[in-house]
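Subject: Handover of a structure and findings

Dear colleague,

Please find the structure below, together with its sequence. A summary of the findings follows it.

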Amino acid sequence: MSIVVTGATGELGRLVVDELLATVPASEIAAVVRDKEKAAGLAARGVELRIADYDRPETLTDTFEAGDRVLLISGNEVGRRVPQHTAVIDAAKAAGVAQLAYTGVLGGPDADFQLAAEHKVTEQLILDSGLPHTFLRNGWYTENYTANLAPVLAHGAVVSNAGEGRVASATRADYAAAAAAVLTGEGHLGKAYELSGDVAWSFAEYAAEVSKATGKGIAHNNVPAAVHQEILVGAGLPEGFAAILVDVDEAIARGLLAGTNGDLARLINRPTTPLAETVAAAVAAA
């Protein structure tokens, strides 16, 4: 039996493996990756590599073993995730894994924004499979914002169409710690965790934190959805992806990413990382 992390060379996957290595022998961890060379660092730490590709179901045939605890990290290609996830679910069921944990989205079946659609379908596929499962419904990553500070600093403004809506974000490391806790602990089967930061912040408050960390005056410019779409496309984003981001902001305005039920802090047994800390670190690294 192994603890298996799919997408293990991605930003979240690497952090999950790091968390596991802190408490579990490397010999008990397997990383599912597409590129063996990209995963060389994991192999050097003693992690078993299992080479497979979400887009090639035949490569998943021998990826899992009976009794494995598996983390299915959702694919990052919007529009292709349902067939990708289906391939993993089918392979996990055929192998007889002991647990399939899935990183979905905050709100689960109640999330009505565009980006949630494939997550909801995936959760239903897992339920229909009959696999022992755990749903990790991740809220927003703080890094979704702090990783893109350059235009904010260049223009002196955070732009959104979220109004006074609030975001209960947490860091990738927080979510990774929760995933590791679920994969190594007991009592999580059949559970759905709504994971979010301890404190929900507004974009005006985010702008204020960036101002504090940089010493520059940063405003929050709330604009209509159509204007925000034009700004994002003008900045070089594809129209479809820009529309998704605008739709997310509308969901934020409706309060759908503001929940703070404490599931994440309870799983990781500590407070979630404060917004100010993540902003300060991003500014220092810029």
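Predicted model: local features only at pLDDT ≥ 70, side-chain atom pairs only at ≥ 80, totals over all residues.

Is Tyr 206 buried or exposed? With a relative accessibility of 2%, Tyr 206 counts as buried; the word buried stands for under 20% relative accessible area, exposed for over 50%, and partly exposed for what lies in between (1.4 Å probe, protein chains only).

Residues are numbered from 1 along each chain as its sequence is written, and side-chain values use heavy atoms, with hydrogens and water left out.

Aromatic pairs

Searching the whole structure gives seven aromatic pairs. Rings of Phe, Tyr and Trp (its six-membered ring) pair if their centres lie within 6.5 Å; planes under 30 degrees apart are stacked, those over 60 edge-to-face, and the rest tilted. One of the pairs joins Trp 201 and Phe 203, edge-to-face, at 5.5 Å centre to centre and 80° between the planes. Trp 201 also pairs with Tyr 206: the ring centres are 5.4 Å apart and the planes stand at 35°, so this pair is tilted. Trp 201 is buried at 4% relative accessibility, and Phe 203 is buried at 2%. Together with Tyr 145, the residues Trp 201, Phe 203 and Tyr 206 make up one aromatic cluster.

Salt bridges

The whole structure holds 16 salt bridges, each being a side-chain nitrogen of Lys or Arg within 4 Å of a carboxyl oxygen of Asp or Glu. Among them is the bridge from Asp 112 to Arg 254, whose closest N and O atoms are 2.6 Å apart. Asp 112 lies in the loop between β5 (99-105) and α4 (117-129) and Arg 254 in the loop between α10 (239-253) and α11 (263-268), so the bridge ties together parts 142 residues apart in sequence. Helices (H or I, at least four residues) and strands (E, at least two) are DSSP runs, numbered from the N terminus. Arg 254 is partly exposed, at 45%.

A further salt bridge joins Arg 137 and Glu 194 (2.8 Å, N to O). This pair links strand β6 (residues 133-138), which holds Arg 137, with strand β9 (residues 191-195), which holds Glu 194, 57 residues apart. Arg 137 is buried at 11%, and Glu 194 is buried at 18%.

Finally, Glu 48, Arg 50, Glu 65 and Asp 68 are connected in a network of salt bridges.
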